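Keep the structure open as you read.

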Amino acid sequence: MHAYPQPAIALVADMEAAARAEPARAVAFQGAPGCNGHRAALEHDADCLPLPCFSFEDALDAVKEGRADRAIIPIENSQHGRVADIHFLLPESGLSIVGEHFTPINHALMALPGAKGPFSAAYSHPQALGQSRHYLRERGIVPMAYADTAGAAALVREQADPEACAIAPRLAAQLYGLDIVEDNVEDAADNTTRFVVLAREPLDPFDLKDTQAMTTFIFEVKNIAAALYKALGGFATNGVNMTKLESYQIGASFAATTFYADIEGAPGEERIDQALQELAFHCKYVRPLGTYRQARKRG
């Protein structure tokens with residue numbers, strides 16, 4: 001808790017106490033109170049008790065240790081791409097994806113009460129800074145990375161520097177007593193972040209086979225020529241839509257590439273089962289991360 005700036009510590013303590021009293025309602029998120037993870041938790045489940053955690057690892061550990069029932073974690077942004085490290089943390093966590101949530105991202109530039117600029121530095125999470133990079137560059141404001149958006153707002157309040165500002169959700173300005181200098185400073189009007197909801201136990205995919213479902217998994221193909229081409233062919237021949245495919249390296253050899261994929265559908269459907277069987281034939285391993293209801297229709 002004490003890794004947060006001072007203005008956030010009391011809020012974090014109150015939210016931790018509420019979660020301890022009712023862990024079955026607690027949803028862990030990364031960041032200080034007022035960040036987009038906080039927003040996403042309440043949007044996904046208005047009756048939940050949001051539990052702030054300083055890092056993604058802390059949020060996942062809260063679920064593994066039973067201090068929270070679920071965690072809600074950002075996995076990708078429409079403007080700035082993959083959220084760093086999450087592809088490594090998800091498989092290592094042992095948790096399962098049980099849902100997804102899409103949050104429109106609107107960033108506000110906020111500063112000390114009465115401060116109007118010019119500002120020399122803007123603090124925020126690297127994702128938010130990247131999503132507002134044109135805005136900052138045009139104004140000559142230096143981007144300064146911080147652990148999360150709302151924590152950056154609390155830091156600006158703590159530092160009391162009139163030349164410093166933060167890029168964060170409007171809620172953060174309310175919580176930490178900052179003035180909003182300008183709204184909607186993101187570079188794209190359709191800026192959206194996709195979150196995944198994680199729990200200790202997976203949903204039964206057979207309960208989802210008659211719904212619009214998503215299945216997420218990781219795999220590593222055999223180290224032979226055209227292995228990826230052959231492995232993915234089964235999705236085309238069986239009419240399975242793959243909405244996401246990303247690669248990342250495991251270890252320092254740069255010879256073992258792991259792929260992270262999302263497909264539409266659930267195991268138990270014949271076309272899904274056949275596609276996954278063909279995939280497994282060409283792979284060293286295929287590891288499911290979860291099957292869950294789509295939050296919105298792709299395409």
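## The largest pocket

Helices and strands here are DSSP runs, numbered from the N terminus, with a strand being an E run of at least two residues. With that in hand, β15 gives the largest share of the lining of the largest pocket, namely six residues. Bear in mind throughout that this is a predicted model.

The pocket itself has a volume of about 250 Å³. In total, 16 residues line the largest pocket, and Arg287, Pro288, Leu289, Gly290 and Thr291 are the ones nearest its centre. Besides β15 (283-293), strand β12 (213-221) also supplies at least two residues of that lining. Sorted by class, the pocket lining has 10 nonpolar residues, five polar and one charged.

## The largest cavity

Which elements each bring at least two residues to the lining of the largest cavity? They are α2 (36-44), β3 (70-77), α5 (126-131) and β11. The largest share is from α5, which gives three residues. By class, the cavity lining splits into 10 polar, seven nonpolar and one charged.

## Thr192 and Thr103

Next up are two threonines in strands. Thr192 sits in strand β11 (residues 192-199), while Thr103 belongs to strand β5 (residues 96-104). Are they buried or exposed? Thr192 has a relative accessibility of 14%, so it counts as buried. Thr103 comes out at 0%, so it counts as buried too. The cut-off for buried is under 20% relative accessible area.

The two residues touch each other: Thr103 is listed among the contacts of Thr192. Setting aside neighbours within four places in sequence, Thr192 also contacts Glu76, Asn77, Ser78, Phe102, Pro104, Ile105 and Arg296.

## Two loop positions

Gly265 is in the loop that joins β14 (257-264) to α10 (270-281). Its relative accessible area is 4%, so Gly265 is buried. Not counting residues up to four places away in sequence, Gly265 touches Ala213, Met214 and Thr215, plus Arg271, Ile272 and Thr291. One of these, Thr291, is also among the residues nearest the centre of the largest pocket. There's a sequence-versus-space point here as well: Gly265 and Gln294 are 29 residues apart in sequence, yet their C-alpha atoms are 9.3 Å apart.

Lys116 is also in a loop, the one between β6 (108-111) and β7 (121-124). Is Lys116 buried or exposed? Its relative accessibility is 64%, so Lys116 counts as exposed; the cut-off for that is over 50%. Lys116 and Cys165 are 49 residues apart in sequence, with 9.6 Å between their C-alpha atoms.

## Helix pairs

Two packed helices are described by the angle between their axes and the distance between the axes. Start with helix α1 (residues 6-21) and helix α7 (residues 149-159), whose axes come within 7 Å and cross at roughly 130°. The pair is therefore oblique. On the α1 side the contact is made by Gln6, Pro7 and Ala8, and on the α7 side by Ala154, Arg157 and Glu158. By class, that contact has three nonpolar residues, one polar and two charged.

Now look at helix α9 (residues 227-237) and α10, with axes that come within 7 Å and cross at roughly 170°. Angles over 145 degrees count as roughly antiparallel, so α9 is roughly antiparallel to α10. Ala231, Gly234, Phe235 and Thr237 make the contact from α9, meeting Ala275, Leu276, Glu278 and Leu279 from α10. The contact of α9 with α10 has five nonpolar residues, two polar and one charged.

Conventions. Residues numbered from 1 in each chain as written. Predicted model: local features only at pLDDT ≥ 70, side-chain atom pairs only at ≥ 80, totals over all residues. Heavy atoms only, no water. Axes fitted to C-alpha atoms, helices over the stretch in contact; angles between N-to-C directions. Helix = DSSP H or I, 4+ residues; strand = E, 2+ residues; numbered from the N terminus. Parallel < 35°, antiparallel > 145°, perpendicular 65-115°, else oblique. Contact = heavy atoms within 4.5 Å. Nonpolar A, V, L, I, M, F, W, Y, C, P; charged D, E, K, R; others polar. Buried < 20%, exposed > 50% of the residue type's maximum accessible area, 1.4 Å probe, protein only. 1 Å grid on protein atoms, 1.4 Å probe; cavity = no way out; pocket = protein on both sides within 12 Å on 5 of 7 lines; lining within 4 Å. Points joined across faces, edges and corners; volume = space filled by probe spheres on them.
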